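Hi,

Here is the structure I promised to pass on to you. Please have a look at it first, and then read my notes below.

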Protein chains: 2
Amino acid sequence: MMDLAVLGLLHEGPLHGYQVRRRLHELGFRRVSFGSLYPAIRRLEGRGWIAARRGNGRRKEYGLTEEGRRAFEELLDAGVDDGDERRFRIRLAFFAHLEPHRRIAVLEERRAVLTDRLAELRRNRRRSTPADRYTVALMERSVATTESEIAWLDGLVAAERAGRT
Amino acid sequence: MMDLAVLGLLHEGPLHGYQVRRRLHELGFRRVSFGSLYPAIRRLEGRGWIAARRGNGRRKEYGLTEEGRRAFEELLDAGVDDGDERRFRIRLAFFAHLEPHRRIAVLEERRAVLTDRLAELRRNRRRSTPADRYTVALMERSVATTESEIAWLDGLVAAERAGRT
DNA sequence: TAAAGCATGTAAGAGGTTACATGATTGG
DNA sequence: CCAATCATGTAACCTCTTACATGCTTTA
């Protein structure tokens with residue numbers, strides 16, 4: 001979901017397309033192609049969520065419109081966690097713009113998704129067809145990474161609660 | 001990349017669509033929708049890579065054709081690692097069908113990709129705009145997961161070399 | 001008997017990828 | 001001066017998502 005990412009970045013100040021891409025890259029979203037970025041910008045512009053401000057040279061600086069700001073906050077806050085890794089990471093990147101109690105809720109929702117997934121992985125491991133060692137390695141890795149992410153989330157929740165005191 | 005996954009599963013024996021989905025699910029590819037699975041099957045059928053064998057009830061069992069077997073082996077073996085997580089996981093799932101020396105090559109290619117990524121993450125962390133604690137958390141998590149995956153790959157490579165003796 | 005799971009599909013639309021096209025500016 | 005990076009875009013193609021449609025079978 002390019003949209004939330006672009007809105008979030010422009011929420012922090014106007015940028016032009018290339019800068020958006022670079023910032024996304026820094027945030028760990030490698031490989032955002034121009035063929036996906038510029039059409040996304042066009043889309044958002046079409047919805048009136050962003051607008052080109054001034055063009056410095058051949059650059060087009062985009063900023064959030066008032067409508068865009070509202071759309072951003074809705075997108076950031078709303079929506080159950082559907083387990084999409086990418087989307088969660090983007091939401092986290094803009095957590096600063098979310099109310100503290102919503103932050104905790106989002107983290108715990110994510111945690112619940114991962115806990116379910118973990119249970120399912122273990123169920124599968126128990127009753128699946130006798131697997132060769134590579135699929136076993138794959139499944140074990142999935143369990144390990146999921147456990148690790150849950151632990152990480154616990155740390156974030158703890159920090160959030162501590163900071164809120 | 002549904003294609004490689006479907007070919008790989010049918011390489012191990014004929015299945016019908018629903019079974020393919022279940023097996024994928026077991027392998028950790030949750031959320032393979034029917035709207036992506038059935039068109040994929042149609043696609044592969046159109047290329048002559050798979051063919052419906054017998055229909056038990058309303059089920060359609062698909063099997064690999066000779067051409068499909070060749071296509072599978074090419075897809076599995078070929079292609080540089082472009083860093084796509086999903087694709088790598090699928091390749092690993094069918095590693096048993098790859099020659100031992102190619103397995104090691106694939107693992108090390110993946111390792112190289114991750115090593116590059118790690119270096120980049122660290123570079124970004126050093127020279128990026130002073131970030132709020134959530135983006136910091138995100139970046140640190142990226143570093144940690146990448147390191148962890150590299151260590152895991154090292155384990156796989158070691159096991160592979162040991163097994164090859 | 002109702003819900004959950006099995007089983008196959010289609011249609012519309014959103015969105016992404018890859019490749020192409022162009023040109024300025026900056027650094028080694 | 002050449003390569004890399006900055007900078008913006010288009011076009012064709014492909015694939016996936018979501019929602020709809022249908023109907024059988026198993027299990028609580």
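Putting chain A and chain B together buries about 3,300 Å² between them, and carbon and sulfur atoms give 52% of that area. On the chain A side, the residues that lose the most area to chain B are A:Y134, A:L138 and A:R141, which together make up 22% of what that side buries. Please keep in mind that this is a predicted model, and the values here are all computed from it.

Counted by residues, the interface has 37 from chain A in contact with 37 from chain B. There are two salt bridges between the chains. One that you can look up joins the side chains of A:R133 and B:E160, with 3.7 Å from N to O. Ten residue pairs are in polar contact between chain A and chain B, with both partners at pLDDT 80 or more.

Which elements of chain A give two or more residues to the side that touches chain B? They are α2 (17-26), α5 (85-93), α6 (100-127) and α7 (133-164). Of these, α7(A) provides the largest share, with 15 residues. Sorted by class, this side of chain A holds 16 charged, twelve nonpolar and nine polar residues.

Now to the DNA. Around DNA strand C there are 18 residues, and those that come nearest are A:G35, B:Y18, B:Y38, B:R58 and B:K60. Among the atoms of DNA strand C within 4 Å of the protein, sugar and phosphate account for 58%.

Some phosphate contacts may be handy if you want to zoom in:

- B:K60 has a side-chain N or O atom 2.4 Å from a phosphate oxygen of DNA strand C.

Where does the surface near DNA strand C come from? At least two residues each are supplied by α3 (34-46) of chain A and by α2 (17-26) and α3 (34-46) of chain B. The largest share, four residues, belongs to α3(B). By class, the residues of this surface divide into seven charged, six polar and five nonpolar.

That is what I have for now.

Best wishes

Note on methods
Residues numbered from 1 in each chain as written. Chains lettered and ligands numbered in written order. Predicted model: local features only at pLDDT ≥ 70, side-chain atom pairs only at ≥ 80, totals over all residues. Heavy atoms only, no water. Contact = heavy atoms within 4.5 Å. Buried area = accessible area lost by both parts, 1.4 Å probe. Salt bridge = Lys/Arg side-chain N within 4 Å of Asp/Glu carboxyl O. Polar contact = N/O pair within 3.5 Å; in protein donor to acceptor, adjacent residues only side chain to side chain. Nonpolar A, V, L, I, M, F, W, Y, C, P; charged D, E, K, R; others polar. Near = heavy atom within 4 Å.
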